[in-house]
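Work through the exercises below with the sequence and the coordinates at hand. Each task is followed by a solution in steps.

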Amino acid sequence: MEPIKKQSISLQRMVDLFENHRQLLSSSDTAHLSEIRQQAFAALKKLGLPDTKLETWRHTDLRETLERGYDYHLHPLPEDDLQKVFRCNIPHLDTTIIGQLNGWHVSKEVPVMELGNGIIMGSLSEAKKKYPGLVERYYGKAANDSADALTALNTAFAQDGVFIYIPSGIKSPKPVQLINVISHSENIFLQSRNLIVLGDNAGLSLVHCDDSYNHQASFSNIVTEVFMGENAFLDHYKLQNLNNDSSLISAVWFQLGKSANLNSHYISLNGGLIRNNIRLLFNGPHGNAGLYGLYLMDRKQQIDNQIFVDHAFPECTSDEVFKGILDESARGVFNGHVLVRRNSIKTDARQTNKNILLTDTARINSQPFLEIYNDDVKCSHGSTTGQLDSEAMFYLRQRGISEESARMLLMFAFADEIVGKIAIPQLRLRIEDMVKKRLQGELQICEQCVLHCSTPEHPLEFHIDMEKI
Amino acid sequence: METDSNKIIDEVTQGEYKYGFVTDIETEFAPRGLNEDTIRYISERKNEPEFMLEFRLKAFRHWLTMKQPVWAHLSIPPIDFQDIIYYAAPKKKTTVGSLDEVDPELLATFNKLGISLEEQKKLSGVAVDAVIDSVSVKTTFSETLSKYGIIFCSFSDAVQNHPDLIKQYMGSVVPYTDNFFAALNSAVFSDGSFCYIPKGVRCPVELSTYFRINAANTGQFERTLIIADEGAYVSYMEGCTAPQRDENQLHAAIVEIVVRKDAEVKYSTVQNWYPGDKNGKGGIYNFVTKRGICKGNHSKISWTQVETGSAITWKYPSCILLGDHSVGEFYSVAVTNNHQQADTGSKMLHLGKNTRSTIISKGISAGKSNNSYRGLVRISKNATHSRNYSQCDSLLLGPSCGAHTFPYIQAENKSSVVEHEATTSKISEDQLFYCQQRGIDMESAIGLIVNGYAKEVLKQLPMEFAVEAQKLLSISLEGSVW
């Protein structure tokens, strides 16, 4: 029986829930982890749920979302059709799939698998029991509960999620695909917690998908902590494709060791409210991070990208490029904040946000902040908001290309700066196809997995007679 | 190189603020502290009509409900608003007919500041309104200007002689509810300048106000109101200095500009309040609300500011672009050194169609100072085909200073274009090397590069100011690199 059924989310309700089920929530915790949970609960009570009076929440009002009635489950739901999860594979790409259904790890027979080369992956709640020392060393070290109420809420309540550990010197032979599917007959509120640890010189490609299968409303509060050791390499992809009543709050806390190399791509295709809270800390010198985002929103959807990059060590490089196309009454928020601390000499930080508004009802708030306490740096930021280049449009039209095709071509070219950065060719092909579908308004969430709507065998085609150009 | 740099830093930090003297003028004060009696006292001293007192009291009552804002990137020591004298006026005559009647001490003060009222009148053809502490002491050129129908006088005179205009426009751009310091100013403001340019008149001379804080323990609260009627044009300049004192003094001013159809106002400021000593002791806290409204179509407001002084600067000259095809411009050079803090920038609110705005902001920080640009560009739904271009660069001189950029961009329609770009860096070693290689010593080279960096803004200043500003820039920064 659900402890909360069809009820709105309020601080008091969550406090009561915690106090009534304290035992159950920390049933797989060690003493140390349980302590972290208690502290997070205290932080949550102090902070309260965020409202628009907070600077970082000024443009995103959670009230409407929170007031919808949700079910909250303290136990995994019966898995009706596990095959759904595995439909999300990418054609011609061999991946290791880790499935999550409504925030719970699905494969019950092998909750945690340990591969021959020392790679561990599987359910976080099992990993807490099986590898307590390993989990304790990292859990809660990157996510700061006192800074963010929803992270505190997650730390206080999260029961399961995914744990991935790549030991030092090991490169994961296959990309790992983490699929979180939301599928339930009622509106659901879920919180899951992922912990990803890469040892020194370790390498991983991680494709992280958030998908929904039906039209039920959902509210997901997902926190992921990523630790990268010295010289580690992570190629990270986040694909978000949810229905229009879904709200997804995704906080990812990256911690990069010395000379670590991160490339992270956020592709937000659909979703009622998506808030990406990306917090990156350089925890050693010579780190290198590329953060790339593409958001394509329409109807009354809202996308909110909050990116904080902390250059706490010298000679690190960060590059942020976020681009978006907003149609109909969509709303976009970009809040980038680069902090260069006193001793972080030779920092190179770039920040770019570009937006295209297609209608007079779409809105964008762009806040690219720089906070710099050192003179030996190279920092820049840029933000543009506009429409499709009229001269480029004229050029194409002049050559006999229909307005619709020309518009598509230009929008696709705009998006391609981000899509083109995807390093896995099969995945790039797949995303190109999805972006194209999305721009043509064909990509909808359907009974089937959206990722399965097509199998692109050929590269993208626009109906353009190339001879005319 | 290392010893050179230390020497240069020493020279700069020991360089004196040359306007730091105090003039011994007999001054009358309001009692210390702030309550309704203080406000009644000020209003009574100034012999104000009833509506002014009411406006002040309303503002004061509203101010009591407000809290000092904390959002700026500044660390502001607590200000005891009851420990300030809200009204200080040089004694002697209250009305001055000609320069001969002005207190000779006062004239000497302005001569020492390099603003000889007499000379200015004869040579440069600039009309000056000189405000010392709370009171406007002398406005030159008024008679000549009145031939054109231009009203240029102190705010108090305007209250006496043109109450209708004051009633109509005062608080119409910056209402007393606007913010904490605007409410405070509205309650206790003492004087300031008033300027009205009638329809179709192009003001033949540059108008200028000179603000000077002299008395100790006082705050200065002046208020400027400029109205340009249809087709009018005026270029307005403002300068400020204060004596060197150990305690901090508060300056909270309001500037309101109303521009009607086809009119243009160009407002230039060289702000050189005492910045405090090299340990951050003393200096002026400068909390200023400056805002203009382009009411009619094809109107234009241009703000140019050179900020070198003040211990703390909190200032965001803004434009409300209400009329179609109206234009807003903001050019700024903000220099901070030692322990100075500045949080300054601009707001451009696009409401009319085809409105255009430009923001060019150049921040230079040295020593242990922090210099922030904070700006808002808002394109509302109806402001179709609007255009904004913002560029805010920061130059960092030395390893202990900070330069920050906080732009807020909101776009709400599909036909407008908003562009923002910013870079932060130190002086390029290549440029320095190039200059030095050609026999230019380092200090001059830095001066040259900084001047070149600020050129885009300085060239916007009226000639009289540009010279002063360039000198100021080199004094404030002289070789403070490394």
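**Exercise 1.** Find which residue of S22(B) stands opposite Ser366(A), and state how the two strands run.

Solution. The model is predicted. Step one: Ser366(A) has Ile409(B) opposite it, a residue of S22(B). Step two: the strand of chain A to look at is S21, residues 363-372, which is joined to S22(B) by six bridges. Step three: these two strands run antiparallel.

**Exercise 2.** Describe the side of chain B that touches chain A.

Solution. Step one: count the residues in the contact, which are 30 from chain B and 30 from chain A. Step two: assign elements; S21 (387-397), S22 (402-411) and S23 (417-425) of chain B each supply at least two residues.

**Exercise 3.** Decide whether helix H9 of chain B is mostly covered or mostly open, and name what covers its buried residues.

Solution. Step one: apply the cut-off for a buried residue, 20 or more other C-beta atoms within 10 Å of its own. Step two: eight of the nine residues in H9(B), 180-188, are buried, and the helix is mostly covered. Step three: list them, among them Phe181(B), Leu184(B), Asn185(B) and Val188(B). Step four: the cover includes helices H2 (36-45) and H3 (50-64) and strands S8 (223-228), S10 (248-259) and S12 (283-294) of chain B. Step five: for context, buried residues make up 56% of the 482 residues in chain B.

Technical notes
Residues numbered from 1 in each chain as written. Chains lettered and ligands numbered in written order. Predicted model: local features only at pLDDT ≥ 70, side-chain atom pairs only at ≥ 80, totals over all residues. Contact = placed C-beta atoms within 7 Å. Helix = DSSP H or I, 4+ residues; strand = E, 2+ residues; numbered from the N terminus. Pairing = 2+ DSSP bridges. Buried ≥ 20, exposed ≤ 12 C-beta atoms within 10 Å, placed from the backbone.
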